[in-house]
Amino acid sequence: MNEPMLDPVIVGNTISQIRKQKGLSQEVMSGLADIGRTHLSAIERGERKPTLETLYRLAIALDMKMSDIVKQIECRIEQK
């Protein structure tokens, strides 16, 4: 039986889409979140999964609740 896994591409695409909707560049958002731009880029490409701390920082940078980001990720997973 396969164990469920969180798809990092869905996570990254969701974060990227929200960032673009907010009109933020990766450079600006990474600065607001206090993470490296290359780290943010890797997350958005699905090469890395954000830790809870990183997701929290990204939520603050996006002026959102972390739970709202997670809800959007869950919706995309369900649509898959």
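1. H1 passes H5 in a right-handed crossing; a crossing is right-handed if the near helix is turned clockwise from the far one by less than a right angle, and left-handed if anticlockwise. The model is a predicted one, in which local features need pLDDT of at least 70 and side-chain atom pairs count only at pLDDT 80 or more, while totals for chains, interfaces and linings use all residues. Residues are numbered from 1 along each chain as its sequence is written, and side-chain values use heavy atoms, with hydrogens and water left out.

2. The axes of helix H1 (residues 8-21) and helix H5 (residues 66-79) come within 9 Å and cross at roughly 125°. H1 is therefore oblique to H5. Angles under 35 degrees count as roughly parallel, over 145 as roughly antiparallel, 65 to 115 as roughly perpendicular and the rest as oblique. Axes are lines fitted to C-alpha atoms, for helices over the stretch in contact, and angles run from 0 to 180 degrees between N-to-C directions. Helices are DSSP runs (H or I, at least four residues), numbered from the N terminus.

3. On the H1 side, the contact (heavy atoms within 4.5 Å) is made by Ile10, Val11, Asn13, Thr14, Ile15, Gln17 and Ile18. H5 contributes Ile69, Gln72, Ile73, Arg76 and Ile77. By class, the contact of H1 with H5 has seven nonpolar, four polar and one charged residues. Here Ala, Val, Leu, Ile, Met, Phe, Trp, Tyr, Cys and Pro count as nonpolar, Asp, Glu, Lys and Arg as charged, and the others, Gly among them, as polar.

4. For helix H2 (residues 26-33) and H4, the axes come within 8 Å and cross at roughly 115°, so H2 is roughly perpendicular to H4. This crossing of H2 and H4 is also described as right-handed. Met29, Leu32 and Ala33 of H2 meet Arg57, Leu58 and Ala61 of H4. The classes in this contact of H2 with H4 are five nonpolar, no polar and one charged residues.

5. Leaving aside its neighbours within four places in sequence, isoleucine 69 touches Thr14, Ile15, Ile18, Leu55, Ala59, Leu62 and Met64.

6. In H3, the residues Leu40, Ser41, Ala42, Ile43 and Glu44 are buried. Buried means under 20% relative accessible area, exposed over 50%, and partly exposed in between (1.4 Å probe, protein chains only). The cover over the buried residues of H3 includes H1, H2 and H4. Threonine 54, in helix H4 (residues 52-61), counts as buried because its relative accessibility is 9%. Its contacts, leaving aside neighbours within four places in sequence, are Ile35, His39 and Ile43.

7. Most residues other than glycine have a negative phi. Aspartate 34, in the loop between H2 and H3, has a positive phi of about 60° and is exposed, with a relative accessible area of 59%. Aspartate 63, in the loop between H4 and H5, has a positive phi of about 55° and is exposed at 68% relative accessible area. Glycine 46, which follows H3, has a positive phi near 80°.

Key:
Helix = DSSP H or I, 4+ residues; strand = E, 2+ residues; numbered from the N terminus.
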